[in-house]
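Here are some friendly notes to read alongside the structure. Please keep the model open while you go through the points.

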Amino acid sequence: MKTWLKIAVSVWLTGIIIAGIAFPMVKVPQTWYEFPFIPGLEEKARNIIFHVPISWATVVAFAMSMIYGIIYLRKKDIDYDLRSVSSASLGLLLCILATVTGAIWAKFNWGSFWNWDPRQTSIFILLLIYGAYFVLRSAIDEEERRATLSSVYSIIAGVTVPFFIFVMPRIMSGLHPGSLGDEQGKGPVLEFKMAPNMLMVFFASLIGFTVLYFWMYSLKVRQMRIERHVQQITETH
Amino acid sequence: MMIISTSYHIFVKEFVSEFRTRYALNALLMFVVTTLSIILFSIGQESPSIDVLSGTLWIVIFFSAMSGLSRTFVAEEERGTSLTLRLLVNASSVYIGKLVYNFALILVLSVIIAVSYVLFITEFTVKTFEIFWLTILLGSAGLASASTILAAIIAKANTKGTLFPVLAFPILLPLLLTCINATKLATEGAFLVEAVKEFQILISFTVVMIATSFLVFDFVWKD
Amino acid sequence: MKKLTFKSENIAKLYNRRIILENISFSLSDGTAFAITGKNGSGKSTLVKILCGVLSPTRGSVEFSVGGAIVPYPDYYPHIGLVSPYLNMYEEFTAEENLSFIAKVRSLEREWQERSNMLLKEFGIYDHRKKEVRYYSSGMKQRLKYCAALLHQPSLLVLDEPSSNLDSYGIDAVRKFMVLQKQNGILMFATNDAEDLQFADRVYSIEIGNH
């Protein structure tokens, strides 16, 4: 990644964090930096700026990992496996962050940390899939075989994801905006009813976290390449 | 059709082999007896809700599938016959043969489990039998579809025992939840039409799993 | 008989970043007996698996052609017979059932039964044909592997350690078929046995300094 981009992301995200935490929330916004109250969410609405982009980045990481898995199977170049596993390990981190930020938000909005709401269940299953993926990898010694089998597993896991979207809402009523149990039908995120200034911060955060993911991803890939190279040198001597 | 006849011979081989060695079936039947009696003991004089009972039914089916279905590929790998098979037939025939065998095995098992469940657990009353048996049939197909490819993956790993349920659970969860839901409908006495959505999910899950496995099986098998 | 060629182009195999095989290239045609030699651990068995198409190489390719037309994977399986220590028979089946299973999945012609009996007699296990393989000695198992590999009259016979586990009677039977195979197709074997090597027209040695 280019240096100017790194600096830009750092500044960008610092701005978003300051804006997300420090911008006052008032009934009737007077100036550009005042967020309006969202009924039912109040100050807790700030979490939209962090929780949703992190969840989004989790999905991006998962998809990237699966795509690189498919490319590995076609090209049989171990570098694609490094990319796939790098993305998966970042995805696991982001997945944990999304679960934690979500659980905290749920505690203060819905009364308890965990409610088995469809989307909570989905992210829990995503955690399980990531867990299983790394357990599988640790159970195989041989590099090429590990790469092949974990790629196949991520594809198999990937195709079940759409089922969660259909299955979960049928089994349990949801609390997240946009789900069947929601009285208003659509929440602030889905309808984009957020005030323009908040919406701008939200999208800026979405972009910021996505670029941050790619930055961390490129670092992780480089680290893995170096580790592999060092291992190669020590093994041959 | 070549592929059908070779798959059929693989299936017959699996079947005869199981019949001779009884690796899976005896142990599985004991597993079913044990888990069911544990459930019976723990229920005691209580009368648990039908929701809980529908859930435990599928827990028993899931774990018996997990302990039985991995054998097909693990046995080939352990006894060194997988290379023989790889030289004899193409991967697709192996996959189809083993898939059908796994389906037959899990279907027999879940029917046994379901019958004894209905007989011994008096609180568990099924009102719409069509829904119940269709769920058992389609649920078994779904379990077999996902387990076959996972068993092929696990056969190549170093630690095989505990890995199977770990890998299978997140993938099978949408299937299990749908099965539990459909079982609830059967106990509530819903009409067959009301469970159509559940059956659609079960069928599409099975089809998607088989199609995906069919595409990637060669990579696992020829590794 | 159709003309056969077998080509290995730049095959390389890596295991855990370590190069096992590199730059293996050769080309064979009918009537050749081709021997592969190399120290223990030099990758002979790995090469044999790759040549038979049961293991994919990291780089390079195997090309098998009959009468000038290339037969792609997996269609060349019917042309290959392999005997290897990594290839076992089903223990819970009798010798006869093993061969019958192989004949069925290979969809062999009706005459396979006569050929199977002939092979069982040649390798001296005809009297034990109704015994389950788990009661066999390792030498008998090895003989059965030969019956299995020769059942479909392969045009390419690949033997990994041809004389291992065999007594002099077994070795004689194997050598008889090695000579026959040379006349009817391609024979390929991996060995370090000096006596076996006398059967080879060409010897390919996997170099030691390769990795």
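1. A word on terms before the helices: axes are lines fitted to C-alpha atoms, for helices over the stretch in contact, and angles run from 0 to 180 degrees between N-to-C directions. Helices (H or I, at least four residues) and strands (E, at least two) are DSSP runs, numbered from the N terminus. This is a predicted model, where local features need pLDDT of at least 70, side-chain atom pairs count only at pLDDT 80 or more, and totals for chains, interfaces and linings use all residues. Residues are numbered from 1 along each chain as its sequence is written, while chains are lettered from A and ligands numbered from 1 in the order in which they are written.

2. Let's begin with two helices of chain C. Helix α2 (residues 95-105) and helix α4 (residues 138-150) of chain C have axes that come within 10 Å and cross at roughly 25°. That makes α2(C) roughly parallel to α4(C) (angles under 35 degrees count as roughly parallel). The crossing of α2(C) past α4(C) is right-handed, the term for a near helix turned clockwise from the far one by less than a right angle.

3. Which residues bring α2(C) and α4(C) together? From α2(C) come C:A95, C:N98, C:L99 and C:I102, and they meet C:L144, C:C147 and C:A148 of α4(C). Contact here is counted if C-beta atoms, placed from the backbone, lie within 7 Å. By class, this helix contact has 6 nonpolar, 1 polar and no charged residues. Ala, Val, Leu, Ile, Met, Phe, Trp, Tyr, Cys and Pro count as nonpolar, Asp, Glu, Lys and Arg as charged, and the others, Gly among them, as polar.

4. Chain C also holds an open sheet of 4 strands, in the order β2-β1-β4-β5, with antiparallel pairing. Its edge strands are β2 (18-29) and β5 (69-71), each pairing on one side only; two strands pair if DSSP finds at least two bridges between them. From one strand to the next, the twist averages 25°.

5. Strand β4 (residues 59-66) of chain C pairs with β5(C) in the antiparallel sense over 3 bridges. C:V66 stands opposite C:A69 in β5(C).

6. Now for the chain contacts. Between chains B and A, 26 residues from chain B and 26 residues from chain A take part. On the chain B side, α7 (129-155), α8 (163-188) and α9 (196-221) each supply at least two residues, and α8(B) gives the largest share, 11 residues. That side divides into 18 nonpolar, 5 polar and 3 charged residues.

7. The contact of chain C with chain A takes 6 residues from chain C and 7 residues from chain A. The chain C side has 2 nonpolar, 2 polar and 2 charged residues.

Note on methods. Contact = placed C-beta atoms within 7 Å. Parallel < 35°, antiparallel > 145°, perpendicular 65-115°, else oblique.
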